[in-house]
Amino acid sequence: MKIAIGTKNRAKIQAVKNVFGADADIIGIDVPSGVSEQPFSDEETITGAINRAKEAIVKTSRPIGIGLEGGVTETPFGLMLCNWGAIVVEGEQKPFIAGGARILLPEVISERLRKGEELGPVMAEFCKKENVRSHEGAIGIFTNGRINRDDMFTHVVKILKGQLEYEIMQKKSSY
Ligand SMILES: O=P(O)(O)OP(=O)(O)OP(=O)(O)OC[C@H]1O[C@@H](n2cnc3c(O)ncnc32)[C@H](O)[C@@H]1O
Ligand SMILES: [Mg+2]
């Protein structure tokens, strides 16, 4: 199975390897998400994930594309971290999508994002550590390392793979 992921981010690539690693040849390629650098709603984040998956197929000519996108979304409780994934199979219209675990961000972080800053650099400064986004991520920092960014995306990719398998089984049983 030849898979292309629309990113070079280590945590995202690791998540796909954790789920598809045994039976797939996986490459990561930088593609435009077609949405803001910092998506600010579920809808925008999902669109980014789908765009990345489609673009990964176009750029590599591989039959399966995966897009993983991080964003935030405003709720009555405060600003929440949200993460979405999409898997696209070449020639099929409808992507499968799956959402990741969500937590509220601390107000000090949320205020800066509402003013237009991006979570990646804000987290790096907050933690005095470079590239948090490619390692534990905000989710890892604020859950004391119990769920890191690759764990969270691994769960998302499992849900994507499971839906794809389910569809394949349904198609087989309808012959
Ligand atoms: O190279 P790409 O695939 O773009 O990976 P990225 O780390 O930039 O991730 P996203 O574009 O999906 O995320 C949108 C923004 O939110 C940041 N971000 C999202 N989740 C994060 C997390 O858990 N920790 C730190 N930054 C995060 C990220 O750095 C971007 O600024
Ligand atoms: Mg990005």
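Predicted model: local features only at pLDDT ≥ 70, side-chain atom pairs only at ≥ 80, totals over all residues.
Residues are numbered from 1 along each chain as its sequence is written, and chains are lettered from A and ligands numbered from 1 in the order in which they are written.

Begin at the N terminus and follow the elements, which run β-α-β-α-β-β-β-α-α-α-α. The radius of gyration, taken over C-alpha atoms, is 16 Å, close to the 16 Å that the globule rule (2.2 Å times the number of residues to the power 0.38) gives for 175 residues, so the protein is as compact as a globular protein of that length.

Next, select Val 16, Ala 53, Ile 66, Ala 86 and Ile 87, which touch the most other members of the largest nonpolar core, a set of 42 residues. Such a core consists of buried Ala, Val, Leu, Ile, Met, Phe, Trp, Tyr and Cys residues joined through C-beta atoms within 7 Å, and a residue is buried if 20 or more other C-beta atoms lie within 10 Å of its own, exposed if 12 or fewer, and partly exposed in between, with C-beta atoms placed from the backbone. Strand β4 (residues 78-89) gives this core its largest share, 7 residues.

Gly 78 counts as exposed because it has 11 C-beta neighbours inside 10 Å. Not counting residues up to four places away in sequence, Gly 78 touches Leu 104, Leu 105, Glu 107 and Ser 110. If you then pick Lys 161, 83 residues from Gly 78 along the chain, you will find their C-alpha atoms separated by 31 Å.

Finally, select helix α3 (residues 107-114) and helix α4 (residues 119-127), whose axes come within 10 Å and cross at roughly 145 degrees; axes are lines fitted to C-alpha atoms, for helices over the stretch in contact, and angles run from 0 to 180 degrees between N-to-C directions. To see their contact, show Ile 109, Arg 112 and Leu 113 of α3 together with Leu 119, Val 122 and Phe 126 of α4.

Technical notes. Helix = DSSP H or I, 4+ residues; strand = E, 2+ residues; numbered from the N terminus. Contact = placed C-beta atoms within 7 Å.
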